[in-house]
Amino acid sequence: MNHKQRRGFVMSYSCGKDSTLALHRMLAGGDHGVALLVMVNEDFKRSYFHGADDKMLKQYEEALQIPMLMVPTQGHRYHLAMEEALQQAKAMGAEIACFGDIDIEGNRAWSEQRCKNVGLDAAFPLWHRGRKENVQDLIELGYRCLIKSVNGTQLPKSILGKVLDAEIMDLMEQRGIDVCGENGEYHTLVVDGPIFHKPIAYTLGNVLDFGTHSVIEIDCMEMQREHHAFSL
């Protein structure tokens, strides 16, 4: 009987829904998470794209029980900082680097080049899966994906801070936008689900407007100690 070899991997992690589902699929397949790699905007002291600050990122590390490599950088050396972090993950035992990309070829090629430069294989657990299928999987698996930001020309600000569910999916379909938000229609922070050993404790703050986009402040609370019974 053949047994699948258990591989060590580093996950390029944004705290959002796509990278969380990709991480879920890697763990469910029997592979071992060596590290979470999170790129941090050096100027704003928050993770790129999803805006988690240092305190919240530490909550993610504890909730997911995978060591986190927080990588502060500025845009002009983003690629170099990522390669340095991938090298560090390789030294920790990672054989492959995983990404949550779905079908944008340019993004995949960029990530593959970073891996090639450091001698790691690249994996894309969500590649060419249906965008709607991914969102449905997240909801059915029980992930709580908070709507962190929206493009106000496409989605109402009233969904900020709400959990992505079938009703919000229907709203997106009615408006003719991508339910996976691959064009920047919205971003999420995942705060609980099957791979979380405990939920992320958070509070909702003010809604901030930046031109066509609006963001809700999501701040972490004191870490919760209780565990719950989610399992893969």
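This is a predicted model: local features need pLDDT of at least 70, side-chain atom pairs count only at pLDDT 80 or more; totals for chains, interfaces and linings use all residues.
Residues are numbered from 1 along each chain as its sequence is written, and side-chain values use heavy atoms, with hydrogens and water left out. Helices (H or I, at least four residues) and strands (E, at least two) are DSSP runs, numbered from the N terminus.

**Helix 1 on its own**

- Helix 1 has twelve residues, which should span 16 Å at 1.5 Å a residue, and its end C-alpha atoms are 16 Å apart, in agreement with that. The expected span is 1.5 Å times one less than the number of residues in the helix.
- Nine of the twelve residues of helix 1 are buried, so the rest of the structure largely encloses this helix. Here buried means under 20% relative accessible area, exposed means over 50%, and partly exposed is in between (1.4 Å probe, protein chains only).
- The buried residues of helix 1 include Lys-17, Asp-18, Leu-21, His-24 and Met-26.
- After helix 1 comes Gly-30, which has a positive phi near 100°.

**Where helix 1 meets helix 5**

- Helix 1 (residues 17-28) packs against helix 5 (residues 131-141) at an angle of about 70°, and their axes are 10 Å apart. Axes are lines fitted to C-alpha atoms, for helices over the stretch in contact, and angles run from 0 to 180 degrees between N-to-C directions.
- The two helices, helix 1 and helix 5, are therefore roughly perpendicular to each other. That word covers angles of 65 to 115 degrees, with under 35 counted as roughly parallel, over 145 as roughly antiparallel and the rest as oblique.
- Helix 1 brings Lys-17, Leu-21 and His-24 to the contact, and helix 5 brings Asn-134, Asp-137, Leu-138 and Leu-141. Contact means heavy atoms within 4.5 Å.
- Sorted by type, the residues of this contact between helix 1 and helix 5 are three nonpolar, two polar and two charged. In this sorting Ala, Val, Leu, Ile, Met, Phe, Trp, Tyr, Cys and Pro count as nonpolar, Asp, Glu, Lys and Arg as charged, and the others, Gly among them, as polar.

**Salt bridges**

- Side chains of opposite charge can pair when their charged atoms come close. A salt bridge here is a side-chain nitrogen of Lys or Arg within 4 Å of a carboxyl oxygen of Asp or Glu, and the count by this rule comes to 13 salt bridges.
- Lys-17 and Asp-18 join their side chains in a salt bridge of 3.0 Å, N to O. Both Lys-17 and Asp-18 are buried.
- Another salt bridge links Lys-198 with Glu-62, and their closest N and O atoms are 2.3 Å apart. Lys-198 sits in the loop between strand 8 (186-192) and strand 9 (202-210) while Glu-62 belongs to helix 2 (residues 54-64), so this pair ties together parts that are 136 residues apart in sequence.
- Lys-198 counts as buried at 5% relative accessibility, whereas Glu-62 is partly exposed at 32%.
- Asp-209 and Lys-157 also form a salt bridge through their side chains (3.3 Å, N to O). Asp-209 is in strand 9 and Lys-157 in the loop between strand 7 (144-151) and helix 6 (166-174), so the pair connects parts that are 52 residues apart in sequence.
- Asp-209 is partly exposed at 46% relative accessibility, and Lys-157 is partly exposed at 41%.

**Residues with positive phi**

- Cys-15 is a residue other than glycine with a positive phi, near 80°. Cys-15 lies in the loop between strand 1 (8-12) and helix 1, and is buried with a relative accessible area of 0%.
- Lys-45, also a residue other than glycine, has a positive phi near 60°. Lys-45 is in the loop between strand 2 (32-41) and strand 3 (46-47), and counts as exposed at 56% relative accessibility.

**Two residues to look up**

- Asn-151 is in strand 7 and is buried at 11% relative accessibility. Leaving aside residues up to four places away in sequence, Asn-151 touches Gly-184, Glu-185, Thr-212 and His-213.
- Pro-156 is in the loop between strand 7 and helix 6 and is partly exposed at 22% relative accessibility. Leaving aside residues up to four places away in sequence, Pro-156 touches Val-150, Leu-171 and Arg-175.
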